[in-house]
Amino acid sequence: MIIVMRPDATPDQVEHVKMLVREQGLKDHPIVGTDLTVVAVIGDDRRKDKGVFEQAPGVDRVVPILAPYKMAARETRPTKTQVRIGSNCVFGGVQIPVVAGPCSVESEAKLLEVSRMIKAAGASAIRGGAFKPRTNPYSFQGLGEEGLKYLAEAREETGLPIITEVLNIADVELVAKYADCLQIGTRNSQNFKLLEACGRQPKPVLLKRGMAMTIDEFLQAAEYILAEGNPNVILCERGIRTFEDHTRNTLSLSAIPELHHRTHLPVVSDPSHGTGHARLVADMSRASIAAGADGLLLEVHQDPQHAMTDGAQSITPAALAELMPSLARVAEAVDRRCDALVGAGV
Ligand code: PEP
Ligand code: MN
């Protein structure tokens, strides 16, 4: 960090600040300018409280230099991290996987049916919530472990890996037993104990951006998982709350290149929650790929009008099949690939 002194700071005040820096086990490097003095702090100050310096007399402001996250930072790892889920679905490589499936697992028959259709349409992985975070306590809360079993069956049947949400620490082991990748939803994105628990288990984690989270906070949340020893974190931009109400959330497309600038972790986009309207999903999927997304997370339902959750934003398997070729064309324009998996005739 750099401590900027006020123009009228006295030499004693500068000396005091230098002493405070050394007290913290860091080195001070004062730079005396014509108008004011700044004290550069040398050393890793991320664990230090910058408030200590802001309180000192004569200090104007404190400017952090190091990102507050370390393992997630681009500088720590110049090459992009590739996260593999299942045997051949890789996020962060040239190929851009499409993860598709219903918001919630509703029944065994419906999940198996939509999973076959999704595979035939060309998706690389299946999504579906067994534990649902609902705003209203009386809304459908998901099928729980029964839903996880159906997801495992869908994987068995299609060969596609599955991503599903874990809502609390007590369920981490259970969800990890069935899932190929654990999803942490927007509402839990700063549930630090849950992040740590997911960091201590071996399955990859798809971390959604909190709906009111800055990019810095998002990366610090990812750092909680990484710091516990799990390097396989996929970030997901799923829209944030703004004043705009023509969409359910505002899908922050510029967050995608900005995240790539700051981190080596793969970044996927969720245009379903990011817009809330099925009619916007295709365009925002293409735009996400153009903006550098390493994957897409799409809600797909065979009968959106009867979906138990998020029907308004769910596209049909037919719409997905229609979308795939144009995703491939956009991917090609940005030197990527978004090839449809060849459906096994299902
Ligand atoms: C979901 O993926 O169905 C979901 C609940 O997402 P989010 O946490 O982004 O709202
Ligand atoms: Mn949903």
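Two strands are said to pair if DSSP finds at least two bridges between them. In this predicted model, strand 7, residues 98–101, and strand 14 meet that condition with four bridges, and they run in the parallel sense. One of the bridges joins V98 to L296 of strand 14.

Strand 14 covers residues 296–299. In a regular strand the side chains alternate between the two faces of the sheet. Here L296 and L298 point one way, while L297 and E299 point the other way. Residues on both sides of strand 14 are buried, E299 included.

The phi angle of D310 is near 55 degrees, which is a positive value in a residue other than glycine. In the segment after helix 11 lies D335. The phi of D335 is positive as well, near 60 degrees, and D335 is not a glycine either. D335 has a relative accessible area of 67%, and because the cut-off for exposed is over 50%, D335 counts as exposed.

The next part to look at is the ligand. Ligand 1 is surrounded by 13 residues, and the closest are R127, Q183, T186, K208 and R238. By type, the shell holds seven charged, four polar and two nonpolar residues. Several side chains place a polar atom beside an oxygen atom of ligand 1: the distance is 2.9 Å for Q183, 3.0 Å for K132 and 3.1 Å for R187. Taken alone, ligand 1 exposes 300 Å², and the protein buries 97% of that area.

Conventions
Residues numbered from 1 in each chain as written. Chains lettered and ligands numbered in written order. Predicted model: local features only at pLDDT ≥ 70, side-chain atom pairs only at ≥ 80, totals over all residues. Heavy atoms only, no water. Buried < 20%, exposed > 50% of the residue type's maximum accessible area, 1.4 Å probe, protein only. Helix = DSSP H or I, 4+ residues; strand = E, 2+ residues; numbered from the N terminus. Near = heavy atom within 4 Å. Polar contact = N/O pair within 3.5 Å; in protein donor to acceptor, adjacent residues only side chain to side chain. Areas by Shrake-Rupley, 256 points an atom, 1.4 Å probe, with all protein chains shown as cover. Nonpolar A, V, L, I, M, F, W, Y, C, P; charged D, E, K, R; others polar.
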